[in-house]
Amino acid sequence: MKPFSLALLLVFAVVSCTTRAQELKITNDRFWNTVNGEPIYSQGGGIFQFTDPQSGTPKYYWYGVHYQEAEIYRNDPSVTLERNHFEGVTCYSSTDLVNWTFEKHVLTKEAVNFEENPTWLGRMGVAYIEALEQYALLIQHGKNVMIALADSPLGDFKVHRHIDMTSRIGTPNTGDQTVFTDPDTGASYLVYSYGQGRNKIYISEIGVRDGKVDLLEVHEIFRGASREGNCMFKYNGKYYMAASNIYGWDGSFAYYLVSEDIYGPYKPTNEMQVMPGSEQDYAHVSQTGFFYTVRGSEQETVLFCGDRWAEFAGNGLGYNQWVPLSFDGETPYFNSLHSWKLNETTGTWSVAADNNYIKNPSFEADRRHIPSNNKPVQEQLLGWHTEILQGNPISTTEAASPVLNHFNTQQDRQHVIGEKSLHISDQVPFERRITQELSSTPYVSLPDGKYSLSATVKNTTGFEELNLYAQSGTQTFETSFTLPNTEWTTITIDEVSVVNGNVTVGIYVKGAAGAEAWVDDVRFELLD
């Protein structure tokens, strides 16, 4: 019996290791579920590794806020909501960073008297306070920083104190905030911005003072342009401070600074840099939410975990947009991927077969009608280039300029994703080409092979030519939809051949004055 049992255990161990070492798929642009099929509601939080109180082994714990509106929008994403109602802080656990199990609401509405005081709660994280053998949850609560404590990473967290930040930074509240735990020292910090204007960013270690959990020294690490979504990560021994623009609930460039020391100096001084790769679609239509650095057996991979506040901005499906970062020396590169695979054990990742290679495919990245003369001043749609061959030129100041995008109606949003779509029209006879160039990067290959190109379209009469097309090498693949489509219709080109890792996808249009076409949800996907 003993040899048999030992052999069985060895087989089980090999199977377990093999299973654990598999690449597991992360798919963005959709709402996520737990391993049990329950909806995941986790916004404005973070991932932390703590000891499982039952097994005594390390486990990942993902905390975030559950808003009532997240449920409403998930059930009907045709309506953008205006308010937010706190349902609780959720906790999900995982051993592989991909498959998550719902644990519980670790901070409840009752614990914060939300019914009596229905104010903002959000932007939170959890730190282990070794001196007290307690777990501390730090969250914005109204105009203060609230700290709640628990004996376990699974709560229940009870209110410990509120901190008015006025004497420390000059405003009672922080701007945005996250909790960062240094993977090398175990020390945890609150990363936060000035509460008004958010033009300053600070770091404070989370510790104990006079028997209470507190924010220790205040270190200002940035003073410059207003930023929000403040968060940090560590890679290759260096500290990275990241943030987004002050764009409300909308997506933004991902900005960064880098330092040898957690308290700085961060370079370049007070001049945040745009993370390459995030500029084509505003960080996959998200804001900087938090990061997690996977230190695998083969490589170190930083996960960008973006918040997509879809319920309050209407910008597509899914609240969580996670992508891997690559690095060119100290410079992080944002890999905007729809679908990819992660191996938590090795730290390696790869692009999934069903990845959509189009950037800004549903035209949600742009906050306003484009061209826009307001923040941000912008002539072209992100990720796309409109070439005017005939008709009124694009202008941010001239009234006759064509408007390049359309704000979808609620009825539109029953058929297409998000608030916006591509709009093609002019007051005079017009001809134009709207294109996106796709090619391999040093970090993501566009493999040669056969692809499917599709889009959802609607159009009036008045078009001499209206073609969806793809061009690679010497070949052009196209389909025409000049006949009127009064309802949203999906058109597809199969068997698009990509050679040399390059392809141009686009729409070619030749129309009469007043003719209109709308395009949304463009996909370019490798065929099996």
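Author: Phe312 is buried, at a relative accessible area of 7%, where buried means under 20% relative accessible area, exposed over 50% and partly exposed in between, with a 1.4 Å probe and protein chains only. This is a predicted model, in which local features need pLDDT of at least 70, side-chain atom pairs count only at pLDDT 80 or more, and totals for chains, interfaces and linings use all residues. Residues are numbered from 1 along each chain as its sequence is written, and side-chain values use heavy atoms, with hydrogens and water left out.

Reader: What is the mean pLDDT of the chain, and over which residues does pLDDT stay under 50?

Author: pLDDT is the predictor's confidence in each residue, from 0 to 100. Where it is low, the predicted coordinates should not be read in detail. The chain has a mean pLDDT of 95, with 96% of its residues at 70 or more. The stretch where pLDDT stays under 50 is residues 1-20.

Reader: How many aromatic pairs are there, and what is the geometry of Tyr67 and Phe312?

Author: Rings of Phe, Tyr and Trp (its six-membered ring) pair if their centres lie within 6.5 Å; planes under 30 degrees apart count as stacked, over 60 as edge-to-face and the rest as tilted. The count by this rule is 43 aromatic pairs. Tyr67 and Phe312 have centres 6.4 Å apart and planes at 75°, which is edge-to-face.

Reader: Why does this pair tie together separate parts of the chain?

Author: Helices (H or I, at least four residues) and strands (E, at least two) are DSSP runs, numbered from the N terminus. Tyr67 belongs to strand E3 (residues 58-67) and Phe312 to helix H5 (residues 310-313), so the pair joins parts 245 residues apart in sequence.

Reader: Which residues form one aromatic cluster with Phe291 and Phe304?

Author: Phe291 and Phe304 are both buried. The cluster that holds them also has Phe233, Tyr235, Tyr240, Tyr256, Phe327 and Phe334.

Reader: Which residues have the most contacts inside the largest nonpolar core?

Author: A nonpolar core is a set of buried Ala, Val, Leu, Ile, Met, Phe, Trp, Tyr and Cys residues joined through side-chain atoms within 4.5 Å. The largest one has 66 residues, and those with the most contacts inside it are Trp322 and Phe524.

Reader: Which charged end sits over the ring of Tyr247, and how far from its centre?

Author: A charge sits over a ring if NZ of Lys or CZ of Arg is within 6 Å of the ring centre and within 35 degrees of the ring normal. For Tyr247 the charged end is that of Arg367, 4.3 Å from the ring centre.

Notes:
Contact means heavy atoms within 4.5 Å.
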